[in-house]
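Have a look at the picture first, and then I'll walk you through what I found.

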Amino acid sequence: MARTIKTLVALDTGVSAANVQSALPVGGEIEVWGVVEGFDEAWRTLQETTTDLVVVACAGYSDRALYFIEGAVRETPTRPVVVLCDGSPNGFVRRVFEMGADDIIALPQTSEEVYFALQKAVARKQGAAVASGAALAPLICVLGPKGGTGKTLTTSNLGVALAQAGHRVAAVDLDLQFGDLGLALGLTPERTVFDLTKSGGSIDGEKLEAYLVEHDSGLRLLLAPSRPDQAGVITVELVREIYAALRTTHDFVLVDTPPGFTPEVISSIDSSSDIVIVGMLDSLSLKNTKLGLETLDLMGYDPSRVKVVLNRADSRVGITADDVHAVLGRVPDVMVPSDREIPRALNAGAPIMMAKPDSDAARAYAKLAKVFERAAAEAKPQSEAKQRSPLRRLVPRRA
Ligand SMILES: Nc1ncnc2c1ncn2[C@@H]1O[C@H](COP(=O)(O)OP(=O)(O)OP(=O)(O)O)[C@@H](O)[C@H]1O
Ligand SMILES: [Mg+2]
(Lines give C-alpha, C1' and ligand atoms only; values in the text may rest on other atoms or scores of the structure.)
(Ligands and ions follow the chains in the order given, each with its own letter.)
Protein backbone atom coordinates (compact mmCIF):
# COMPACT_ATOMS: atom_id res chain seq x y z
CA MET A 1 0.00 0.00 0.00
CA ALA A 2 1.23 3.52 -0.73
CA ARG A 3 2.40 5.38 2.35
CA THR A 4 0.32 8.33 3.49
CA ILE A 5 1.72 11.82 3.91
CA LYS A 6 0.20 13.25 7.04
CA THR A 7 -0.63 16.86 6.24
CA LEU A 8 -1.54 19.70 8.55
CA VAL A 9 -3.21 22.79 7.10
CA ALA A 10 -2.75 26.06 9.02
CA LEU A 11 -5.23 28.82 8.14
CA ASP A 12 -4.25 32.47 8.57
CA THR A 13 -6.92 34.86 9.82
CA GLY A 14 -8.82 36.40 6.92
CA VAL A 15 -8.43 33.49 4.52
CA SER A 16 -11.59 31.85 3.24
CA ALA A 17 -11.73 28.38 4.82
CA ALA A 18 -14.23 27.31 2.14
CA ASN A 19 -11.88 28.29 -0.73
CA VAL A 20 -8.98 26.47 0.88
CA GLN A 21 -11.09 23.43 1.70
CA SER A 22 -12.26 23.10 -1.90
CA ALA A 23 -8.63 23.17 -3.12
CA LEU A 24 -7.41 20.50 -0.71
CA PRO A 25 -6.84 17.01 -2.05
CA VAL A 26 -9.30 14.29 -1.20
CA GLY A 27 -7.98 10.73 -1.19
CA GLY A 28 -4.61 9.56 -2.47
CA GLU A 29 -1.40 9.47 -0.50
CA ILE A 30 -1.77 13.02 0.85
CA GLU A 31 -3.93 12.74 3.92
CA VAL A 32 -5.17 16.05 5.31
CA TRP A 33 -5.72 15.03 8.89
CA GLY A 34 -6.15 18.50 10.37
CA VAL A 35 -7.21 22.00 9.30
CA VAL A 36 -6.37 24.43 12.09
CA GLU A 37 -7.41 28.08 12.34
CA GLY A 38 -4.74 30.51 13.51
CA PHE A 39 -0.99 29.95 13.71
CA ASP A 40 -0.81 29.69 17.52
CA GLU A 41 -3.11 26.71 17.46
CA ALA A 42 -1.31 25.28 14.41
CA TRP A 43 2.05 25.63 16.18
CA ARG A 44 0.76 23.76 19.23
CA THR A 45 -0.61 21.01 17.00
CA LEU A 46 2.77 20.68 15.25
CA GLN A 47 4.48 20.21 18.64
CA GLU A 48 2.06 17.52 19.73
CA THR A 49 1.83 15.42 16.59
CA THR A 50 3.91 13.90 13.81
CA THR A 51 3.31 15.74 10.57
CA ASP A 52 4.95 14.98 7.21
CA LEU A 53 3.83 18.09 5.33
CA VAL A 54 2.70 21.55 6.41
CA VAL A 55 0.36 23.62 4.26
CA VAL A 56 0.02 27.30 5.12
CA ALA A 57 -3.05 29.05 3.71
CA CYS A 58 -3.30 32.83 3.63
CA ALA A 59 -5.13 35.59 1.77
CA GLY A 60 -2.04 37.39 0.41
CA TYR A 61 1.03 38.94 2.01
CA SER A 62 1.11 37.95 5.70
CA ASP A 63 3.88 38.53 8.23
CA ARG A 64 2.19 36.05 10.58
CA ALA A 65 2.42 33.38 7.90
CA LEU A 66 6.10 34.20 7.28
CA TYR A 67 6.95 33.82 11.00
CA PHE A 68 5.10 30.55 11.12
CA ILE A 69 6.87 29.20 8.00
CA GLU A 70 10.25 30.21 9.40
CA GLY A 71 9.51 28.47 12.70
CA ALA A 72 8.19 25.32 11.06
CA VAL A 73 11.22 25.09 8.75
CA ARG A 74 13.69 25.75 11.58
CA GLU A 75 12.05 23.12 13.75
CA THR A 76 12.11 20.35 11.12
CA PRO A 77 14.14 21.37 8.05
CA THR A 78 13.40 18.09 6.26
CA ARG A 79 9.62 18.57 6.42
CA PRO A 80 8.20 20.37 3.36
CA VAL A 81 6.13 23.54 3.75
CA VAL A 82 3.82 24.66 0.93
CA VAL A 83 1.89 27.94 0.87
CA LEU A 84 -1.61 28.29 -0.61
CA CYS A 85 -2.24 31.92 -1.42
CA ASP A 86 -5.88 32.92 -1.94
CA GLY A 87 -5.15 36.48 -3.04
CA SER A 88 -2.40 38.42 -4.75
CA PRO A 89 1.03 36.80 -4.16
CA ASN A 90 2.78 40.03 -5.23
CA GLY A 91 5.74 40.80 -3.01
CA PHE A 92 5.08 37.61 -1.06
CA VAL A 93 6.67 34.95 -3.28
CA ARG A 94 10.23 35.99 -2.58
CA ARG A 95 9.68 36.28 1.18
CA VAL A 96 8.01 32.88 1.31
CA PHE A 97 11.05 31.24 -0.30
CA GLU A 98 13.37 33.25 1.95
CA MET A 99 11.65 31.72 4.97
CA GLY A 100 12.36 28.28 3.54
CA ALA A 101 9.02 27.23 2.05
CA ASP A 102 9.20 24.72 -0.80
CA ASP A 103 6.47 26.08 -3.04
CA ILE A 104 3.70 28.66 -3.27
CA ILE A 105 0.46 27.91 -5.07
CA ALA A 106 -1.86 30.74 -6.08
CA LEU A 107 -5.55 29.80 -5.69
CA PRO A 108 -7.95 29.06 -7.28
CA GLN A 109 -6.63 25.68 -8.36
CA THR A 110 -8.37 22.34 -8.60
CA SER A 111 -7.70 19.85 -5.84
CA GLU A 112 -5.93 17.66 -8.42
CA GLU A 113 -3.49 20.46 -9.21
CA VAL A 114 -2.86 21.11 -5.54
CA TYR A 115 -2.42 17.39 -4.94
CA PHE A 116 0.20 17.24 -7.69
CA ALA A 117 2.06 20.29 -6.37
CA LEU A 118 2.11 18.92 -2.82
CA GLN A 119 3.34 15.54 -4.01
CA LYS A 120 6.06 17.28 -5.94
CA ALA A 121 7.17 19.32 -2.93
CA VAL A 122 7.43 16.13 -0.90
CA ALA A 123 9.34 14.32 -3.64
CA ARG A 124 11.70 17.23 -4.09
CA LYS A 125 12.43 17.41 -0.41
CA GLN A 126 13.24 13.73 -0.43
CA GLY A 127 15.61 14.30 -3.31
CA ALA A 128 13.73 11.77 -5.42
CA ALA A 129 12.37 14.04 -8.11
CA VAL A 130 15.51 14.36 -10.19
CA ALA A 131 16.15 10.65 -10.54
CA SER A 132 14.20 10.19 -13.76
CA GLY A 133 15.36 13.40 -15.49
CA ALA A 134 18.61 12.11 -17.01
CA ALA A 135 17.30 10.98 -20.39
CA LEU A 136 15.14 14.05 -21.03
CA ALA A 137 16.20 16.89 -23.30
CA PRO A 138 17.31 20.10 -21.57
CA LEU A 139 14.43 22.42 -20.72
CA ILE A 140 15.80 25.96 -20.82
CA CYS A 141 13.65 28.58 -19.15
CA VAL A 142 14.34 32.17 -20.27
CA LEU A 143 13.60 34.60 -17.43
CA GLY A 144 13.70 38.33 -16.77
CA PRO A 145 12.47 39.81 -13.54
CA LYS A 146 11.22 42.93 -15.39
CA GLY A 147 9.44 43.42 -18.69
CA GLY A 148 11.19 44.36 -21.90
CA THR A 149 14.69 43.13 -21.06
CA GLY A 150 14.96 40.98 -24.17
CA LYS A 151 13.56 37.57 -23.16
CA THR A 152 11.64 37.05 -26.37
CA LEU A 153 14.62 38.22 -28.40
CA THR A 154 16.83 35.74 -26.56
CA THR A 155 14.41 32.81 -26.84
CA SER A 156 13.82 33.31 -30.54
CA ASN A 157 17.49 33.75 -31.46
CA LEU A 158 18.79 30.99 -29.20
CA GLY A 159 16.13 28.69 -30.64
CA VAL A 160 17.06 29.58 -34.20
CA ALA A 161 20.80 29.19 -33.45
CA LEU A 162 20.26 25.69 -32.02
CA ALA A 163 17.95 24.72 -34.89
CA GLN A 164 20.48 25.99 -37.46
CA ALA A 165 23.11 23.81 -35.79
CA GLY A 166 20.96 20.82 -36.73
CA HIS A 167 19.15 20.16 -33.45
CA ARG A 168 15.49 19.44 -33.07
CA VAL A 169 14.30 22.40 -31.02
CA ALA A 170 10.90 23.40 -29.62
CA ALA A 171 10.03 26.72 -28.00
CA VAL A 172 6.98 27.34 -25.82
CA ASP A 173 5.54 30.85 -25.41
CA LEU A 174 4.54 30.95 -21.75
CA ASP A 175 3.67 34.64 -21.93
CA LEU A 176 0.08 33.40 -22.12
CA GLN A 177 -1.63 36.79 -22.24
CA PHE A 178 0.71 38.91 -24.30
CA GLY A 179 3.00 36.38 -25.95
CA ASP A 180 4.79 37.66 -29.02
CA LEU A 181 7.29 34.91 -29.74
CA GLY A 182 5.42 34.02 -32.95
CA LEU A 183 5.41 37.65 -34.00
CA ALA A 184 9.17 37.95 -33.38
CA LEU A 185 9.62 35.11 -35.86
CA GLY A 186 7.07 36.33 -38.38
CA LEU A 187 4.66 33.45 -37.72
CA THR A 188 0.87 33.71 -37.70
CA PRO A 189 -0.90 31.97 -34.80
CA GLU A 190 -2.81 29.43 -36.90
CA ARG A 191 -2.58 26.97 -34.05
CA THR A 192 -1.88 27.87 -30.42
CA VAL A 193 -1.78 26.22 -27.02
CA PHE A 194 -5.42 27.29 -26.61
CA ASP A 195 -6.42 24.95 -29.46
CA LEU A 196 -4.53 22.20 -27.69
CA THR A 197 -6.64 22.68 -24.53
CA LYS A 198 -9.80 22.26 -26.57
CA SER A 199 -8.63 18.93 -27.98
CA GLY A 200 -9.24 17.10 -24.67
CA GLY A 201 -7.56 13.92 -23.46
CA SER A 202 -4.00 13.44 -22.32
CA ILE A 203 -0.95 14.96 -23.97
CA ASP A 204 1.89 13.14 -25.65
CA GLY A 205 4.62 14.03 -28.12
CA GLU A 206 2.66 12.76 -31.12
CA LYS A 207 -0.44 14.76 -30.28
CA LEU A 208 1.59 17.92 -29.67
CA GLU A 209 3.08 17.69 -33.16
CA ALA A 210 -0.21 18.89 -34.63
CA TYR A 211 -0.12 22.09 -32.58
CA LEU A 212 3.47 23.16 -33.26
CA VAL A 213 4.14 25.82 -35.88
CA GLU A 214 7.44 25.46 -37.75
CA HIS A 215 9.77 28.35 -38.54
CA ASP A 216 12.02 28.42 -41.64
CA SER A 217 15.02 27.68 -39.43
CA GLY A 218 13.43 24.42 -38.28
CA LEU A 219 12.58 25.79 -34.83
CA ARG A 220 9.13 24.55 -33.79
CA LEU A 221 6.85 26.70 -31.66
CA LEU A 222 3.93 26.19 -29.37
CA LEU A 223 2.41 29.66 -29.58
CA ALA A 224 0.57 31.60 -26.89
CA PRO A 225 -3.20 32.12 -27.26
CA SER A 226 -4.07 34.84 -29.74
CA ARG A 227 -6.34 36.63 -27.20
CA PRO A 228 -5.53 37.41 -23.53
CA ASP A 229 -8.91 36.08 -22.32
CA GLN A 230 -8.00 32.59 -23.59
CA ALA A 231 -5.06 32.35 -21.20
CA GLY A 232 -7.19 31.39 -18.16
CA VAL A 233 -7.83 27.83 -19.30
CA ILE A 234 -4.14 26.95 -19.50
CA THR A 235 -3.27 25.36 -16.19
CA VAL A 236 0.08 24.84 -14.58
CA GLU A 237 -0.60 21.12 -14.76
CA LEU A 238 -1.14 21.27 -18.53
CA VAL A 239 2.05 23.24 -18.99
CA ARG A 240 4.00 20.60 -17.08
CA GLU A 241 2.54 17.85 -19.27
CA ILE A 242 3.53 19.82 -22.37
CA TYR A 243 7.13 20.16 -21.18
CA ALA A 244 7.35 16.48 -20.33
CA ALA A 245 6.08 15.50 -23.79
CA LEU A 246 8.30 17.94 -25.71
CA ARG A 247 11.40 16.84 -23.80
CA THR A 248 11.00 13.30 -25.06
CA THR A 249 10.70 14.31 -28.74
CA HIS A 250 13.21 17.19 -29.05
CA ASP A 251 16.91 17.85 -28.36
CA PHE A 252 16.23 21.19 -26.66
CA VAL A 253 13.06 22.80 -25.33
CA LEU A 254 13.03 26.56 -24.67
CA VAL A 255 10.46 28.52 -22.69
CA ASP A 256 9.84 32.25 -23.18
CA THR A 257 8.26 33.68 -20.04
CA PRO A 258 6.30 36.77 -19.01
CA PRO A 259 8.06 39.21 -16.64
CA GLY A 260 8.29 38.30 -12.96
CA PHE A 261 7.78 35.18 -10.89
CA THR A 262 4.17 34.28 -11.69
CA PRO A 263 2.86 30.82 -10.66
CA GLU A 264 3.41 29.53 -14.22
CA VAL A 265 6.95 30.84 -14.21
CA ILE A 266 7.71 29.26 -10.83
CA SER A 267 6.34 25.96 -12.05
CA SER A 268 8.44 26.22 -15.24
CA ILE A 269 11.55 26.94 -13.17
CA ASP A 270 10.76 23.80 -11.16
CA SER A 271 10.43 21.73 -14.32
CA SER A 272 13.49 23.19 -16.04
CA SER A 273 17.03 21.86 -16.27
CA ASP A 274 18.60 25.24 -17.10
CA ILE A 275 17.82 28.91 -16.83
CA VAL A 276 18.82 31.92 -18.89
CA ILE A 277 18.27 35.13 -17.00
CA VAL A 278 18.14 38.19 -19.26
CA GLY A 279 19.05 41.56 -17.78
CA MET A 280 20.07 44.90 -19.15
CA LEU A 281 23.09 47.06 -18.50
CA ASP A 282 21.75 49.85 -16.29
CA SER A 283 21.80 50.06 -12.53
CA LEU A 284 18.06 49.40 -12.04
CA SER A 285 18.07 46.37 -14.30
CA LEU A 286 21.23 45.03 -12.69
CA LYS A 287 19.55 45.27 -9.30
CA ASN A 288 16.55 43.33 -10.64
CA THR A 289 18.80 40.72 -12.21
CA LYS A 290 20.56 40.29 -8.89
CA LEU A 291 17.19 39.88 -7.14
CA GLY A 292 16.27 37.29 -9.74
CA LEU A 293 19.51 35.37 -9.16
CA GLU A 294 18.96 35.52 -5.39
CA THR A 295 15.40 34.24 -5.74
CA LEU A 296 16.65 31.27 -7.79
CA ASP A 297 19.24 30.64 -5.11
CA LEU A 298 16.56 30.64 -2.42
CA MET A 299 14.54 28.19 -4.49
CA GLY A 300 17.55 25.87 -4.31
CA TYR A 301 18.38 26.16 -8.03
CA ASP A 302 21.88 24.93 -8.90
CA PRO A 303 23.79 28.17 -9.82
CA SER A 304 25.91 26.32 -12.36
CA ARG A 305 22.71 25.73 -14.39
CA VAL A 306 21.93 29.45 -14.56
CA LYS A 307 23.32 31.52 -17.44
CA VAL A 308 23.26 35.30 -17.48
CA VAL A 309 22.66 37.26 -20.69
CA LEU A 310 23.33 40.96 -20.44
CA ASN A 311 21.37 42.73 -23.14
CA ARG A 312 21.99 46.22 -24.53
CA ALA A 313 25.46 45.90 -23.12
CA ASP A 314 27.31 48.92 -24.50
CA SER A 315 30.30 50.54 -22.93
CA ARG A 316 28.63 53.92 -23.59
CA VAL A 317 26.30 53.62 -20.57
CA GLY A 318 29.20 54.07 -18.18
CA ILE A 319 28.99 50.74 -16.36
CA THR A 320 32.11 48.61 -16.58
CA ALA A 321 32.50 44.84 -16.53
CA ASP A 322 33.92 45.22 -13.00
CA ASP A 323 30.77 47.08 -11.89
CA VAL A 324 28.64 44.25 -13.26
CA HIS A 325 30.74 41.69 -11.46
CA ALA A 326 30.51 43.66 -8.22
CA VAL A 327 26.69 43.85 -8.39
CA LEU A 328 25.89 40.36 -9.71
CA GLY A 329 28.75 38.51 -8.09
CA ARG A 330 29.51 36.86 -11.43
CA VAL A 331 30.40 37.72 -14.99
CA PRO A 332 27.66 37.49 -17.61
CA ASP A 333 27.93 34.45 -19.89
CA VAL A 334 26.94 36.46 -22.96
CA MET A 335 26.76 40.19 -23.74
CA VAL A 336 24.39 41.38 -26.48
CA PRO A 337 24.97 44.92 -27.72
CA SER A 338 22.22 47.37 -28.64
CA ASP A 339 21.71 47.19 -32.35
CA ARG A 340 19.29 49.20 -34.48
CA GLU A 341 18.96 46.17 -36.73
CA ILE A 342 17.25 44.23 -33.92
CA PRO A 343 13.95 46.18 -33.85
CA ARG A 344 14.14 46.56 -37.61
CA ALA A 345 14.49 42.81 -38.10
CA LEU A 346 11.85 42.18 -35.45
CA ASN A 347 9.35 44.36 -37.30
CA ALA A 348 10.04 42.34 -40.41
CA GLY A 349 9.49 39.13 -38.41
CA ALA A 350 13.09 38.02 -38.89
CA PRO A 351 15.39 36.99 -36.05
CA ILE A 352 18.73 38.81 -36.03
CA MET A 353 20.43 35.38 -36.29
CA MET A 354 19.09 35.18 -39.84
CA ALA A 355 18.71 38.85 -40.80
CA LYS A 356 22.31 39.77 -39.84
CA PRO A 357 24.24 36.60 -39.01
CA ASP A 358 27.53 38.54 -38.96
CA SER A 359 26.38 41.10 -36.38
CA ASP A 360 27.79 41.07 -32.85
CA ALA A 361 24.29 40.37 -31.51
CA ALA A 362 23.91 37.26 -33.70
CA ARG A 363 27.40 36.11 -32.67
CA ALA A 364 26.40 36.48 -29.03
CA TYR A 365 23.39 34.19 -29.51
CA ALA A 366 25.52 31.70 -31.45
CA LYS A 367 27.90 31.68 -28.47
CA LEU A 368 25.02 31.05 -26.07
CA ALA A 369 23.84 28.16 -28.25
CA LYS A 370 27.36 26.68 -28.12
CA VAL A 371 27.30 26.82 -24.31
CA PHE A 372 24.16 24.66 -24.26
CA GLU A 373 25.37 22.36 -27.04
CA ARG A 374 28.58 21.70 -25.11
CA ALA A 375 26.71 21.03 -21.86
CA ALA A 376 24.35 18.61 -23.64
CA ALA A 377 27.27 16.83 -25.32
CA GLU A 378 29.04 16.45 -21.98
CA ALA A 379 25.89 15.07 -20.34
CA LYS A 380 25.28 12.55 -23.12
CA PRO A 381 28.28 10.21 -22.82
CA GLN A 382 27.46 9.87 -19.12
CA SER A 383 23.88 8.78 -19.62
CA GLU A 384 24.85 6.57 -22.55
CA ALA A 385 27.54 4.96 -20.42
CA LYS A 386 24.93 4.36 -17.73
CA GLN A 387 22.66 2.66 -20.23
CA ARG A 388 25.49 0.60 -21.70
CA SER A 389 26.94 -0.68 -18.49
CA PRO A 390 24.51 -3.60 -17.91
CA LEU A 391 25.20 -4.84 -21.45
CA ARG A 392 28.91 -4.59 -20.93
CA ARG A 393 28.65 -6.95 -18.07
CA LEU A 394 27.28 -9.59 -20.44
CA VAL A 395 30.49 -9.48 -22.49
CA PRO A 396 32.98 -11.92 -20.99
CA ARG A 397 36.12 -10.19 -19.80
CA ARG A 398 39.42 -11.34 -21.08
CA ALA A 399 41.53 -13.11 -18.57
N1 LIG B 1 19.95 44.58 -27.93
C2 LIG B 1 18.90 45.26 -28.41
N3 LIG B 1 19.07 46.26 -29.31
C4 LIG B 1 18.02 46.94 -29.79
N5 LIG B 1 16.75 46.71 -29.44
C6 LIG B 1 16.50 45.75 -28.55
C7 LIG B 1 17.57 44.98 -27.98
N8 LIG B 1 17.04 44.09 -27.13
C9 LIG B 1 15.71 44.29 -27.13
N10 LIG B 1 15.39 45.27 -27.99
C11 LIG B 1 14.03 45.76 -28.26
O12 LIG B 1 13.35 45.87 -27.03
C13 LIG B 1 12.03 45.42 -27.14
C14 LIG B 1 11.77 44.37 -26.06
O15 LIG B 1 12.46 43.17 -26.36
P16 LIG B 1 11.78 41.76 -26.04
O17 LIG B 1 10.41 41.71 -26.58
O18 LIG B 1 12.70 40.69 -26.47
O19 LIG B 1 11.73 41.85 -24.45
P20 LIG B 1 10.93 40.92 -23.44
O21 LIG B 1 11.79 40.79 -22.25
O22 LIG B 1 10.49 39.68 -24.11
O23 LIG B 1 9.67 41.84 -23.12
P24 LIG B 1 8.32 41.41 -22.35
O25 LIG B 1 8.66 41.39 -20.91
O26 LIG B 1 7.34 42.48 -22.72
O27 LIG B 1 7.94 40.05 -22.85
C28 LIG B 1 11.84 44.89 -28.55
O29 LIG B 1 11.16 45.85 -29.30
C30 LIG B 1 13.25 44.74 -29.06
O31 LIG B 1 13.33 45.02 -30.44
MG1 LIG C 1 8.57 38.82 -24.23
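Let's start at the ligand: a backbone N or O atom of L153 lies 2.9 Å from an oxygen atom of ligand 1. That's what I'm calling a polar contact, meaning a pair of N or O atoms within 3.5 Å; within protein, one must be able to donate a hydrogen and the other to accept it, and residues adjacent in sequence count only if both atoms are side-chain atoms. G150 has a backbone N or O atom 2.9 Å from an oxygen atom of ligand 1 too. For P337, the backbone N or O atom is 3.0 Å from a nitrogen atom of the ligand. On its own, ligand 1 would expose 630 Å², and the protein buries 80% of that. Those areas use the Shrake-Rupley method with a 1.4 Å probe, and for residues only the protein chains shown count as cover.

Quick housekeeping. This is a predicted model, where local features need pLDDT of at least 70, side-chain atom pairs count only at pLDDT 80 or more, and totals for chains, interfaces and linings use all residues. Residues are numbered from 1 along each chain as its sequence is written, chains are lettered from A and ligands numbered from 1 in the order they're written, and side-chain values use heavy atoms, leaving out hydrogens and water.

So, which residues come nearest to ligand 1? Out of 17 around it, they are G148, K151, T152, L153 and N311. "Around" means a heavy atom of the residue lies within 4 Å of the ligand. By class, that shell has six nonpolar, seven polar and four charged residues. Nonpolar is Ala, Val, Leu, Ile, Met, Phe, Trp, Tyr, Cys and Pro, charged is Asp, Glu, Lys and Arg, and the others, Gly among them, are polar. Helices α6 (151-164) and α14 (341-347) each give the shell at least two residues. Helices here are DSSP runs of H or I, at least four residues, strands are runs of E, at least two, and both are numbered from the N terminus.

Now, helix α11, residues 263-271. Is it enclosed or open? It's largely enclosed by the rest of the structure, because seven of its nine residues are buried. Buried means under 20% relative accessible area, exposed is over 50%, and partly exposed is in between, with a 1.4 Å probe and protein chains only. Among the buried ones are V265, I266 and D270.

In general, most residues other than glycine have a negative phi, and most peptide bonds are trans. But the bond from L107 to P108 is cis, with omega near 5 degrees, and P108 is in the loop between β5 (103-106) and α5 (111-125). R312 isn't glycine, yet its phi is positive, near 55 degrees. You'll find R312 in the loop between β12 (306-311) and α13, and it's partly exposed because its relative accessible area is 47%.

Last bit: sequence distance versus space. L176 is in the loop between β7 (169-173) and α7 (181-184), and at 8% relative accessibility it's buried. Then take D333 and A355: 22 residues apart in sequence, and 23 Å apart C-alpha to C-alpha. D333 is in the loop between α13 (321-328) and β13 (334-336).

That's me done, thanks!
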